[in-house]
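Subject: Structure handover and findings

Dear colleague,

I am passing on the structure we spoke about, together with some notes on what was found in it. Please look through it before reading on.

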Amino acid sequence: MNIWVIGASTGIGLALAKAYAQAGHKVIISARSQSALDEIAQAGSNMTPLALDVTQDNSLREAMDYLAEHEIYLDKVILNAGTCEYIDSYEIERDTVRRVMETNFFGVLNVLQSLLPWLRIGKGNGVTQPQIVFVSSSVTYQALPRAGAYGASKAALRYFAECLRADLVHENFDIRIVSPGFVKTPLTDKNDFPMPFLLEVDDAARRIVKGLAGSAFDIHFPKRFTWALKFIGVLPDWLRLPIIAKASRHDLKQLPRHSNQEA
Ligand SMILES: NC(=O)c1ccc[n+]([C@@H]2O[C@H](COP(=O)([O-])OP(=O)(O)OC[C@H]3O[C@@H](n4cnc5c(N)ncnc54)[C@H](OP(=O)(O)O)[C@@H]3O)[C@@H](O)[C@H]2O)c1
């Protein structure tokens, strides 16, 4: 199989790329850092580095030209590039939300716009059912404190993926979503809060590879965590919202005082 992993220089994407390459597949690894990709490709076999910034049209054009020039028809694309920034509710920063949406949501759309025509060409060249994998997050099962930017980007991605699945099923595309809980990667190493059921990255990659080989639309794990979030998500609001608010960092003593309070 030809597999394109986007966001493959570190974390989940790197672990996935290694797992597929070790299983004998040809893996194209993309991320912004050319030097990181070169190093990874040199250290293992079956991996081809292809630098890409999903937020930049010209970068995307160059990557698509490379695939066309080398006639790389894709069996599987893993849209995994992502970033996370948390929002401090004392000061909502629109730029933070824009930055996160630009990579996690619009970045994926940028890729898809160029990718779909290429996948269709692949179907005329031996690929039977191209698989498109959206890496979302379990945060979409229940809105969590401070996750407004990240969660909104991943919820938008989930919605979009479900629409696309409905729209493309007649063309025999295999659309999937991956919704991990906490996985130990450079992205979560920055977190300064407890991360329940934190998984090692190779464990997460194993679960994703297994899930994508099966038939589930949404591959979510670890189940104890994702089912708990799903369960909270279906509780009535009067019960659900106070539970979530308890996880907020709001400390009333730290709230900025309004002028009428100061009088
Ligand atoms: N770790 C978790 O607990 C967890 C949980 C749920 C979902 N996820 C999702 O899983 C995915 C991978 O996360 P991770 O934890 O493995 O994070 P990570 O180690 O930070 O990896 C992110 C990858 O995306 C690449 N990337 C970032 N911006 C990019 C851009 N504009 N264009 C192309 N590539 C870009 C990064 O490489 P460069 O910086 O070199 O571009 C890197 O290869 C993300 O979508 C994340 O939201 C993670």
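This is a predicted model: local features need pLDDT of at least 70, side-chain atom pairs count only at pLDDT 80 or more; totals for chains, interfaces and linings use all residues.

Residues are numbered from 1 along each chain as its sequence is written, and side-chain values use heavy atoms, with hydrogens and water left out.

Q142 sits in the loop that runs between β5 (131-135) and α5 (148-168), helices (H or I, at least four residues) and strands (E, at least two) being DSSP runs numbered from the N terminus. With a relative accessible area of 3%, Q142 is buried, where buried means under 20%, exposed over 50% and partly exposed in between (1.4 Å probe, protein chains only). Leaving aside residues up to four places away in sequence, Q142 touches L229, I232, G233, R240 and I244 (contact means heavy atoms within 4.5 Å). The side chains of Q142 and R240 are also joined by a polar contact of 3.0 Å, that is, a pair of N or O atoms within 3.5 Å, of which, within protein, one must be able to donate a hydrogen and the other to accept it, and residues adjacent in sequence count only if both atoms are side-chain atoms.

I243 belongs to helix α9 (residues 237-246) and is partly exposed at 37% relative accessible area.

As for the cysteines, C84 is buried at 10%, whereas C163 is partly exposed at 33%. The count of disulfides (pairs of cysteine sulfur atoms within 2.5 Å) comes to zero.

Best regards
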